[in-house]
Amino acid sequence: MKGLILKDLICLRKQLIVFTYVVVSVFVIAVMFVCSVQYGNIALSERKMLADGLYGAGFSMTDIYRMILALFMLLPIASIGDMANVFEADGKAGFSKVSSVMPLSVGQRVLARYITIFVMLVIGVLVDLLIAFVLSLFTDLVSFGDFFGMILSAGSLMSIYSAIVIILCFLFGYGKEDRARIVALLSMALVFVLFHLEKTKAIFMDLTMGTEDAEGPDGSLWMDTVNSLIVYIKDRFYLLVLLAIAVIVGSYSLSVVIAQKKRGVV
């Protein structure tokens with residue numbers, strides 16, 4: 001299994017290089033952004049807008065700055081989360097013909113693939129948490145507690161996506177990795193819509209027709225829903241973590257069944 005994991009890491013070497021560049025870039029730009037918000041051009045622009053009366057004295061841009069920074073800091077997880085490249089590399093090299101004669105069961109071969117993919121995702125989450133912790137030491141703009149929940153939630157969602165992609169890659173076979181990515185995204189979106197059908201309809205009305213019935217406390221159901229979602233993923237991140245673990249376990253079990261029925265896929 002160690003050899004298979006090492007082989008997968010070699011297949012991901014280009015993605016690992018990109019990940020390294022993304023981490024360094026995110027950290028540098030995040031530091032520059034924080035400095036600009038507190039002392040630089042962004043701080044000067046905000047004071048000028050306040051002086052010109054573009055928004056009231058009680059209005060604060062801090063929450064918006066935090067949201068921008070939080071979304072930007074999720075790039076490391078996003079850059080390491082697409083692991084269908086491993087399946088593409090295996091298919092091009094015809095590695096399944098070699099792995100089929102290895103003294104390892106199908107379950108062990110599939111497990112090696114899962115270990116590689118989710119260890120990489122864990123590394124992405126840990127790097128993000130480290131960046132958030134370092135930034136929280138120097139500025140009040142970054143609250144490590146808030147960012148902790150958001151980063152773990154993002155990592156959980158990416159893990160769920162990756163688990164679905166793995167199943168679909170085994171199911172569709174080599175050359176269908178792009179289809180697996182699209183179907184995984186559409187499946188997650190469909191599940192979300194089905195569980196929030198009434199809310200989705202109301203948001204659609206709010207965005208398209210602007211009806212009074214679709215308005216929320218802030219005058220926009222869309223913005224009210226976004227704010228509620230942010231609070232949820234920040235405070236209830238443990239639910240997404242538990243859901244991700246359950247999906248990964250189920251994904252592994254199903255992948256083993258598919259791989260056993262479709263010989264020569266791993």
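Modeller: A helix here is a DSSP run of H or I at least four residues long, a strand is a run of E of at least two, and both are numbered from the N terminus. By that convention Ser-162 lies in helix α9. Residues are numbered from 1 along the chain as its sequence is written. The model is predicted, with local features needing pLDDT of at least 70, side-chain atom pairs counting only at pLDDT 80 or more, totals for chains, interfaces and linings using all residues, and side-chain values resting on heavy atoms without hydrogens or water.

Biologist: How many helices and strands does the secondary structure of the chain come to?

Modeller: There are 13 helices and zero strands, and the pattern along the sequence accordingly reads α-α-α-α-α-α-α-α-α-α-α-α-α.

Biologist: Why does Ser-162 count as buried?

Modeller: Buried means under 20% relative accessible area, exposed means over 50%, and partly exposed lies in between, with a 1.4 Å probe and protein chains only. Ser-162 has 3% relative accessibility, and therefore counts as buried. Across the chain, 37% of the 266 residues fall in the buried class.

Biologist: What does Ser-162 touch, not counting residues up to four places away in sequence?

Modeller: With contact taken as heavy atoms within 4.5 Å, the partners of Ser-162 beyond four places in sequence are Gly-81, Ile-117, Phe-118 and Leu-121. In the chain, among contacts between residues at least 6 apart in sequence, 77% join residues at least 24 apart.

Ile-233 and Gly-149 are 84 residues apart in sequence, yet their C-alpha atoms are 6.6 Å apart.

Biologist: What makes the nonpolar core, and which residues have the most contacts inside the largest one?

Modeller: A nonpolar core is a set of buried Ala, Val, Leu, Ile, Met, Phe, Trp, Tyr and Cys residues joined through side-chain atoms within 4.5 Å. The largest has 53 residues, and Leu-69, Met-73 and Phe-147 have the most contacts inside it. Helices that each supply at least two of its residues include α2, α4 (62-73), α8 (106-136) and α13 (237-261), while the largest share, 14 residues, comes from α9. Leu-69 touches Ala-30, Phe-33, Val-34, Leu-141, Val-142 and Phe-147, residues up to four places away being left out.

Biologist: Why is the pair of Phe-87 and Phe-170 called edge-to-face?

Modeller: Rings of Phe, Tyr and Trp (its six-membered ring) pair if their centres lie within 6.5 Å, and the planes count as stacked under 30 degrees apart, edge-to-face over 60 and tilted for the rest. The centres of Phe-87 and Phe-170 are 5.2 Å apart and their planes are at 85°, so the pair is edge-to-face. Phe-87 belongs to helix α6 and Phe-170 to helix α9, 83 residues apart, and the pair thus links distant parts of the chain. Both Phe-87 and Phe-170 are buried. By the ring rule, the count comes to seven aromatic pairs.

Biologist: What angle between the planes makes the pair of Phe-144 and Phe-148 tilted?

Modeller: Their planes are at 50°, with 5.9 Å centre to centre, and the pair is tilted. Phe-144 and Phe-148 are separated by about one helical turn because they are four residues apart in helix α9. Phe-144 counts as partly exposed at 30% relative accessibility, and Phe-148 counts as partly exposed at 29%. One aromatic cluster is formed by Phe-133, Phe-144, Phe-148, Phe-237 and Tyr-238.

Biologist: How do you know that Arg-181 forms a salt bridge with Asp-178?

Modeller: A salt bridge is a side-chain nitrogen of Lys or Arg within 4 Å of a carboxyl oxygen of Asp or Glu. The closest N and O atoms of Arg-181 and Asp-178 are 2.5 Å apart, and the two form a salt bridge. A search of the whole structure finds one salt bridge. Arg-181 and Asp-178 are three residues apart in helix α10, so about one helical turn separates them. At 12% relative accessibility, Arg-181 counts as buried.

Biologist: Why does Phe-27 count as partly exposed?

Modeller: Phe-27, which lies in helix α2 (residues 13-38), counts as partly exposed because its relative accessibility is 31%.
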